[in-house]
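Hi,

Here is the structure I promised to pass on. Have a look at it first, and then read on for what turned up.

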Amino acid sequence: MSDFLIIGGGVIGMMLARELAQTNADVTLLDRQMCAQESSWAGGGIVSPLYPWRYPDAVTELATWSQSSYIHLAQDLLDETGFDPELRQKGMLMVSVEDQQDALDWAQKYHRPLRKVDTDFLYQKEPNLCSGLEEGLWMPEVCSIRNPRLGRSLRESLVLNPRVTLLENQEVKGFELDGNHVAGVQTADHKLRADKVIIAAGAWSAELLSMVDRELPVEPVHGQMMLFKAKPGLVNRVILKGGRYVIPRNDGRVLVGSTMERIGFTKRTTEEAGKSLYATALDIIPALADYEVEHHWSGLRPGSPEGIPFIGEVTGLDNVFINAGQFRNGLVLAPASTRLLADLLLGRDTIISAEPYRMDR
């Protein structure tokens, strides 16, 4: 029997397992496939909400705490495991932004480093940026992280920790209820028991809660992305334009994303979306036309009302907790989301108020 059973082996589930195990708790982490193979793998890895001023305050609170923590987390994981999550501290440029004044007002309110820049600044930072731009917005502290490698390093950290039991390719078949208490979790091969059960299964979290007759307004939101095999230096930092983005990696590869489709749990790529993503890439960096498309894939985000996640106790159950619904910002919000829930689970003072994230809000 474990102190904690976490259902969901994405970045949030793994970060939570790591944090709890560091307090000498015994933790079991369960996933229906291999860890970090869903939205944690499929996303882009920008450590900032896209157009952060367009989100509610509750998202900003989590994002602000998380962004500074990634610098230490990436180094700690590299030291622990030898796997580099490839954190890039290069900043983010936003061009063709219609609501610039809202952005500047938001930055002043939250004391965030965001400012308007001119054409010389844009092309000094990104010489291959599309022509004709006269101004943009610059956020120098924004990082990006190579999310598949972050997932690999987090998983290795858990494998190396004797207090963590990792159970992969184990789908939950049901819950054993004793009144308002979950006494056991059943998979095809195991009946698992823990003092506290945490559901952190992304887009699948609502389906799991339905097994104990609880409703959660989290639904899958499908997104497609594309990868160019470019050379180092063609793009140096995250660039947003027209609601989409390009993200460079250390080896020169460039991601472009992403679409937003509500089609349930279906995952597929389409020719139409591929053409649209390709056009977006060339609209931002025309020189990408000289490089091959290496990969086109899709994933499922855990959509929630206003993008505000649910973090805390599951209503009506005395030992079940939720950490889901980060929507497009799973990687951005993961450190703060996991720390906040760990504080609640361990009875500590919380890093920020937990009220906005309650399931019964």
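Predicted model: local features only at pLDDT ≥ 70, side-chain atom pairs only at ≥ 80, totals over all residues.

Strand E2 (residues 27-30) pairs with E8 in the parallel sense, over 4 bridges.

Then jump to E19. Strand E12 (residues 194-199) runs parallel to E19 and is joined to it by 3 bridges, with Val197 standing opposite Val320 in E19. Strand E18 (residues 310-313) is antiparallel to E19, and 4 bridges join the two. Here Glu313 is the residue opposite Phe321 in E19. E18 and E19 also form a hairpin, with 6 residues between them. Gly316 sits in that turn and has a positive phi of about 85°.

How many of the 5 residues of strand E19 (residues 320-324) are buried? The count is 5 of the 5, so E19 is largely enclosed by the rest of the structure. Both of its faces are covered: Val320, Ile322 and Ala324 are buried on one side, and Phe321 and Asn323 are buried on the other.

Next, the helices. Helix H1 (residues 11-21) packs with helix H9 (residues 330-346) at an angle of about 40°, and their axes are 9 Å apart. That angle makes H1 oblique to H9. The crossing of H1 past H9 is right-handed. On the H1 side, the contact is made by Val11, Ile12, Met15, Leu16, Glu19 and Leu20. The H9 residues in the contact include Leu331, Ala334, Thr338, Leu341, Ala342 and Leu345.

One side chain I'd zoom in on is Arg237. You'll find Arg237 in the loop between strand E13 (219-228) and strand E14 (238-241). Is Arg237 buried or exposed? Its relative accessible area is 10%, so Arg237 counts as buried. Its side chain makes a polar contact of 2.9 Å with the side chain of Glu126, and also reaches the backbone oxygen of Lys90 at 3.0 Å. Leaving aside neighbours within four places in sequence, the residues in contact with Arg237 include Gly91, Leu93, Trp138, Val246 and Pro248.

Most residues other than glycine have a negative phi, and most peptide bonds are trans. Against that background, these places are worth a look:

- Gly257 to Ser258: this peptide bond is cis, with omega near -10°. Ser258 lies in the loop between strand E16 (254-257) and helix H8 (271-284).
- Glu306: phi is positive, near 65°, in a residue other than glycine. Glu306 belongs to the loop between strand E17 (293-303) and E18, and counts as exposed at 61% relative accessibility.
- Phe327: phi is positive here too, at about 55°, although Phe327 is not a glycine. Phe327 is in the loop between E19 and H9. With 14% relative accessibility, Phe327 counts as buried.

Happy browsing!

How values were computed. Residues numbered from 1 in each chain as written. Heavy atoms only, no water. Buried < 20%, exposed > 50% of the residue type's maximum accessible area, 1.4 Å probe, protein only. Polar contact = N/O pair within 3.5 Å; in protein donor to acceptor, adjacent residues only side chain to side chain. Contact = heavy atoms within 4.5 Å. Pairing = 2+ DSSP bridges. Axes fitted to C-alpha atoms, helices over the stretch in contact; angles between N-to-C directions. Parallel < 35°, antiparallel > 145°, perpendicular 65-115°, else oblique. Left-handed = near helix turned anticlockwise from the far one by under 90°.
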